[in-house]
Every structure is written in C-alpha cells, then in structure tokens.
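Student: I would like to learn how to read the features of a model such as this one. Please take them one at a time.

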Amino acid sequence: MVKAVIFDIDGTLVDSVDLHAAAWQQAFAKFGHQIPFERIRQQIGKGGDQLIPVFLSREELDRFGRQLEEYRSDLFKREYLPRVRLFPLVRELFERIRHDGKRVTLASSAKKDELAIYKRIARIEDLVETETSADDVERSKPHPDVFQVALEKLGDVEPAEAIVVGDTPYDVEAAARAELRTIAVLCGGFAEADLSATGCIAIYRDPADLLARYEESLLARDQPPPPEVPILLT
C-alpha cells in the first residue's frame, strides 16, 4: 500500500526549468564559457555538484567551480526566482493525497532557502510533512541521496510504500537507486521517451492531469502491480 508521496519541485510543481537553465547559461558565460541553452537545459534536475562537471574540466572545477556555483545561486535568487510560477492545481493535488490518508514530502536539489520560497509559491506550506533539500545531502540527483534522506525523515515508510513524482530522467534514476518507483510528469519539458527509458511506472502531463486521473492512478491503488512498460495516460 502507498503510504507516502515524495515530490520533486522544479519542473514538477513549479515552472522553473527554463529559468534555471538561463541562470546557468549566464553564469557559465560570466566565467568564459558560452554554452548553448538546450545543452544546459538537458542537465537541469541535477544539483550544481553534478551539473558543473559536465561542462568544466577538472582544472577549471578546482580553479573557479565553487565561485561559479555561488554566482549562479545569487543570480537565480535575484533575477529568476521572482519569475517562477506554479503549475495549475498543485495544492488541490496535495489536498487530495492528504485526504486519501497518505503523507506528502518534498525532495529537491534546490537549496533550503529556495525550497521555502517554492512552498509559498505553490501554496503547500501547510500540506507538506517533511522536506529534503540540497543542504541535507552530499550528492544531488541522479545519486539517490535526497530520496534516501526523505525516507529516513518519514521514519516508518519502506521504499515499496512510497512513490516519487518527478519530471526529469535524473529523478527517475535517483529514485530507482533508492528502490523507489516514480510517476513522471511532462511539464518540466523532458521527452516522454527519455522518461520512459529510465524506468518510470506512469507518465502524466502535469499535476492537474494526475489529479484528474487520481482514482485510476497508482497513488489510489492499494497494491499497484508495476507495469513492464511505462503508461502515458492521455
């Protein structure tokens, strides 16, 4: 039986993926690297510890990697975070899950202070039981750390009793490494084929679509049999 739902935030609950990509692109340019937007966008979902090494050499990481990440963080908070908007019916989905007797937690590669702002934007501050941010782990997605800590904070929930909801292949991969199943959403902009290839168990358009189809979803079933092929509910 599903006892808890673990939500990613960026691209899952709030429309922020393009904003993160733009901030990273601007930060890399500040340090002398002109990187195409789409190349960076495909890495969003990872924390800076996993994203930056994709584009910098070992020598560059040692020389200015930390400064680049700090610059990007300040830039995002100052210029991009105020432009983040929530996807429709996020609060209503959380209320439905809570009404169903399930626990709700967040597991994000965002920093703790960003996470607090996201909760206010999404209007879910009173509906979230626990949360895990980049500040709680050593390695970000696609490593499983953030989901493992989320389970630890829930306390008495086994991996088979929880489902992750996320929007990137890195969510699905990290969850699988923590022995968790993932429902994927397409609103973060990642391709259905890429999400399916990493092993998610179902795909929805966005939180509103998941809410509309809640009764037939894996969240509402007592013992959902994991399908061999991800299901796109359209």
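Tutor: Start with the element names: helices are DSSP runs of H or I with at least four residues, strands are runs of E with at least two, and both are numbered from the N terminus. Keep in mind that this is a predicted model.

Student: With those names, where is Leu-89 placed?

Tutor: Leu-89 sits in the loop between β3 (85-86) and α5 (90-99).

Student: What is the phi of Leu-89 near?

Tutor: The general idea comes before the case. Most residues other than glycine have a negative phi, and most peptide bonds are trans. Here, Leu-89 has a phi near 65°, a positive value in a residue other than glycine. Arg-123 is not a glycine either, and its phi is positive at about 60°. Arg-123 belongs to the loop between α6 and β5.

Student: Are Leu-89 and Arg-123 buried, partly exposed or exposed?

Tutor: The cut-offs are under 20% relative accessible area for buried and over 50% for exposed, with partly exposed in between. Leu-89 has 39%, so it is partly exposed. Arg-123 has 44% and is therefore partly exposed.

Student: Which peptide bond is cis?

Tutor: The bond from Lys-141 to Pro-142 is cis, with omega near 15°. Pro-142 is in the loop between β5 (130-132) and α7.

Student: How do I read a pair of packed helices?

Tutor: Two packed helices are described by the angle between their axes and the distance between the axes. Take helix α3 (residues 48-55) and helix α4 (residues 58-80): their axes come within 11 Å and cross at roughly 130°. That angle makes α3 oblique to α4. The crossing of α3 past α4 is right-handed.

Student: Which residues of α3 and α4 meet?

Tutor: On the α3 side they are Gly-48, Asp-49, Ile-52, Pro-53 and Phe-55, and on the α4 side Glu-60, Leu-61, Gly-65, Leu-68 and Glu-69. By class, the contact of α3 with α4 divides into five nonpolar, two polar and three charged residues.

Student: Is Gly-65 buried or exposed?

Tutor: Gly-65 has 7% relative accessibility, so it counts as buried. Leaving out residues up to four places away in sequence, Gly-65 touches Ile-52 and Glu-60.

Student: At what angle do α4 and α6 cross?

Tutor: The axes of α4 and helix α6 (residues 112-122) cross at roughly 20° and come within 12 Å. That makes α4 roughly parallel to α6. The crossing is left-handed. Arg-72, Ser-73, Phe-76 and Lys-77 of α4 make the contact with Asp-113, Glu-114 and Tyr-118 of α6. The classes in the contact of α4 with α6 are two nonpolar, one polar and four charged residues.

Student: What does His-20 contact?

Tutor: His-20 is in helix α1 (residues 17-30). With neighbours within four places in sequence set aside, its contacts are Asp-10, Ile-44, Arg-72, Phe-76, Glu-114 and Tyr-118. Among these, Arg-72 and Phe-76 of α4 and Glu-114 and Tyr-118 of α6 also take part in the contact between those helices. His-20 is buried, since its relative accessible area is 7%.

Student: Which elements do the buried residues of α8 pack against?

Tutor: They pack against α7 (145-154), β6 (162-166), β7 (181-185) and α9 (192-197). The buried residues of helix α8 (residues 169-177) are Pro-169, Tyr-170, Asp-171, Val-172, Ala-174 and Ala-175.

Student: Which residues does Leu-195 touch?

Tutor: Leu-195 lies in α9. Apart from residues up to four places away in sequence, it touches Asp-167, Thr-168, Pro-169, Ala-184, Val-185, Leu-186, Phe-190, Cys-200 and Ile-203. With a relative accessible area of 0%, Leu-195 is buried. For a sense of position, Leu-195 and Trp-24 are 171 residues apart in sequence and 23 Å apart in space, C-alpha to C-alpha.

Student: How many disulfides are found in the whole structure?

Tutor: A disulfide is a covalent bond between the sulfur atoms of two cysteines. The search of the whole structure finds zero disulfides.

Definitions and conventions: Residues are numbered from 1 along each chain as its sequence is written. This is a predicted model: local features need pLDDT of at least 70, side-chain atom pairs count only at pLDDT 80 or more; totals for chains, interfaces and linings use all residues. Side-chain values use heavy atoms; hydrogens and water are left out. Buried means under 20% relative accessible area, exposed over 50%, partly exposed in between (1.4 Å probe, protein chains only). Contact means heavy atoms within 4.5 Å. A disulfide is a pair of cysteine sulfur atoms within 2.5 Å. Axes are lines fitted to C-alpha atoms, for helices over the stretch in contact, and angles run from 0 to 180 degrees between N-to-C directions. Angles under 35 degrees count as roughly parallel, over 145 as roughly antiparallel, 65 to 115 as roughly perpendicular and the rest as oblique. A crossing is left-handed if the near helix is turned anticlockwise from the far one by less than a right angle, and right-handed if clockwise. Ala, Val, Leu, Ile, Met, Phe, Trp, Tyr, Cys and Pro count as nonpolar, Asp, Glu, Lys and Arg as charged, and the others, Gly among them, as polar.
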